[in-house]
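Subject: Handover of a structure and the findings on it

Dear colleague,

Please find below the structure that I am handing over to you. My findings follow directly after it.

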Amino acid sequence: MGDARVVDGGSVVEITRSARSSSGRVMYRRPIRVFDGMRNPREAMSFSTYFSFSISPGNGDGLAFVFFPSNFRWESLDGRSFGVPSGLDEGGKGVLIVEFDTSMDSELGDPNGNHVGVDLGSLVSARVTNVSEINLVLNSGEKLQSWIDYDAGSKQLEVRLCRSNAKRPFDPLISYPINLMQVWKDEEVFVGISSSSGNSSQVSSVYSWSFRVRRVPAWLHSEPLDPSHVYSRETKPPIVQGKSGGSSSSSICPLRILSVLIFGTACGALVFFVFFMWATFANRRHPMVVPKEYPVHPVEFGYEKMKPATEKVTTTADDKK
């Protein structure tokens with residue numbers, strides 16, 4: 001849309017041209033239903049987007065990833081403020097912007113001309129971080145890459161940024177708690193990348209972009225840890241019955257407690273009996289069984305010197321005859 005064009009044989013999309021008040025936008029053609037309220041009112045959908053980009057030197061507005069509700073008139077372009085329509089201040093409810101800002105506007109509370117911010121329904125950032133803290137310059141012309149992730153379970157929006165040859169950072173540059181289910185409800189949203197050059201000839205280019213939506217089961221939803229939010233819904237806190245209440249629940253509780261105690265005592269006695277029997281049989285000594293022909297103790301044998309008895313035989317003349 002606008003001044004955006006495909007160059008270098010389809011490998012690059014220049015969102016703005018080298019001219020003042022140039023603005024352009026790359027949008028996904030169809031709206032995306034991030035929360036499927038018609039199918040399941042409590043079934044939220046998380047999303048993740050990744051894109052690589054570069055911003056040439058200059059004091060332009062930079063680049064922004066935008067979410068426009070389907071009822072927002074986003075088709076028009078503005079030569080300033082990332083190309084976002086000027087009607088944002090009047091009817092920007094539901095508009096979510098992650099800005100990569102290269103200009104400083106004191107009226108919008110910008111800390112400097114090198115920051116990333118999260119805008120909700122306004123160009124005044126609800127959360128902002130100085131990119132100089134991670135040793136990066138947005139409008140250096142260097143190729144950068146960014147990840148924007150929203151987890152419907154924890155209700156956290158995270159933004160990461162690094163050079164194109166670096167790995168995805170573990171720690172996010174921005175972590176912003178927000179319940180987008182309450183912001184968008186059942187509305188469909190358009191997603192894309194928008195930019196404007198402002199009063200400079202700054203050129204913003206996009207090299208790749210992906211957007212992914214994933215469903216989150218209702219049982220994975222988390223609740224806020226702030227105690228003040230525990231009863232934020234239209235539910236009544238639990239009522240504790242006193243002794244004089246005369247309710248049936250006050251008589252049921254002692255019976256349950258007594259039943260639990262009896263059951264626990266029986267289980268303990270059974271465990272003790274089993275352990276006692278095991279210890280008794282394990283320590284019992286069995287008698288030794290020895291074959292009968294082999295005595296248990298050695299037998300001493302005595303030896304005596306034996307003298308053979310000899311008889312002298314004499315012969316006579318009559319015997320010789």
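Among the contacts in the chain with a separation of 6 or more, 64% are between residues 24 or more positions apart. Please bear in mind that this is a predicted model. The chain contains four helices and 13 strands. Of its 321 residues, 34% are buried.

Nonpolar cores and a surface patch

The largest nonpolar core has 35 residues, and those that touch the most other members are Leu-63, Phe-100, Val-116 and Leu-161. Strand E4 (residues 44-55) contributes the largest share of this core, namely four residues. A second, separate core is made up of eleven residues, including Met-27, Ala-64, Phe-68 and Val-95.

Leaving aside residues up to four places away in sequence, Val-116 touches Val-98, Glu-99, Phe-100, Arg-127, Val-128, Thr-129, Val-131, Val-159, Leu-161, Leu-173 and Ile-174. Two of these partners, Phe-100 and Leu-161, are named above with Val-116 among the residues of the largest core that touch the most other members.

Nonpolar side chains are also found on the surface: Leu-270, Phe-273 and Val-274 form a patch there, with about 320 Å² of accessible area together. Val-274 is part of helix H3, which covers residues 248-283.

Salt bridges

Side chains of opposite charge can pair when their charged atoms come close. The whole structure holds six salt bridges. One of them joins Arg-163 to Glu-142, with 2.8 Å between the closest N and O atoms. This pair links distant parts of the chain, 21 residues apart: Arg-163 is in strand E10 (residues 156-163), and Glu-142 is in the loop between strand E8 (125-130) and strand E9 (144-151). Arg-163 counts as partly exposed because its relative accessibility is 32%. Glu-142 is likewise partly exposed, at a relative accessible area of 29%.

Arg-168 and Asp-149 meet through their side chains in another salt bridge, at 2.9 Å from N to O. Arg-168 belongs to the loop between E10 and strand E11 (174-177) and Asp-149 to strand E9, so this pair ties together parts that are 19 residues apart in sequence. Arg-168 is partly exposed at 40% relative accessibility, whereas Asp-149 counts as buried at 12%.

A salt bridge is also formed by Arg-160 and Glu-158, whose closest N and O atoms are 3.0 Å apart. Here Arg-160 is buried, with 7% relative accessibility, while Glu-158 is partly exposed, with a relative accessible area of 23%. Asp-149, Glu-158, Arg-160 and Arg-168 are linked in a network of salt bridges.

Ser-22 is located in the loop between strand E2 (12-14) and strand E3 (23-27). Is this residue buried or exposed? Ser-22 counts as buried, because its relative accessibility is 3% and the cut-off for buried is under 20%. A polar atom of the Ser-22 side chain lies 3.0 Å from the backbone nitrogen of Arg-17. Apart from residues up to four places away in sequence, Ser-22 touches Asp-3, Thr-16, Arg-17, Ser-195, Ser-196 and Ser-197.

With kind regards

Methods:
Residues are numbered from 1 along each chain as its sequence is written. This is a predicted model: local features need pLDDT of at least 70, side-chain atom pairs count only at pLDDT 80 or more; totals for chains, interfaces and linings use all residues. Side-chain values use heavy atoms; hydrogens and water are left out. Helices (H or I, at least four residues) and strands (E, at least two) are DSSP runs, numbered from the N terminus. Buried means under 20% relative accessible area, exposed over 50%, partly exposed in between (1.4 Å probe, protein chains only). A polar contact is a pair of N or O atoms within 3.5 Å; within protein, one must be able to donate a hydrogen and the other to accept it, and residues adjacent in sequence count only if both atoms are side-chain atoms. Contact means heavy atoms within 4.5 Å. A nonpolar core is a set of buried Ala, Val, Leu, Ile, Met, Phe, Trp, Tyr and Cys residues joined through side-chain atoms within 4.5 Å. Patches are made of residues with over 30% relative accessible area and no salt bridge: like charges are joined within 9 Å, nonpolar side chains (Val, Leu, Ile, Met, Phe, Trp, Tyr) within 5 Å. Accessible areas come from the Shrake-Rupley method with a 1.4 Å probe; for residues, only the protein chains shown count as cover. A salt bridge is a side-chain nitrogen of Lys or Arg within 4 Å of a carboxyl oxygen of Asp or Glu.
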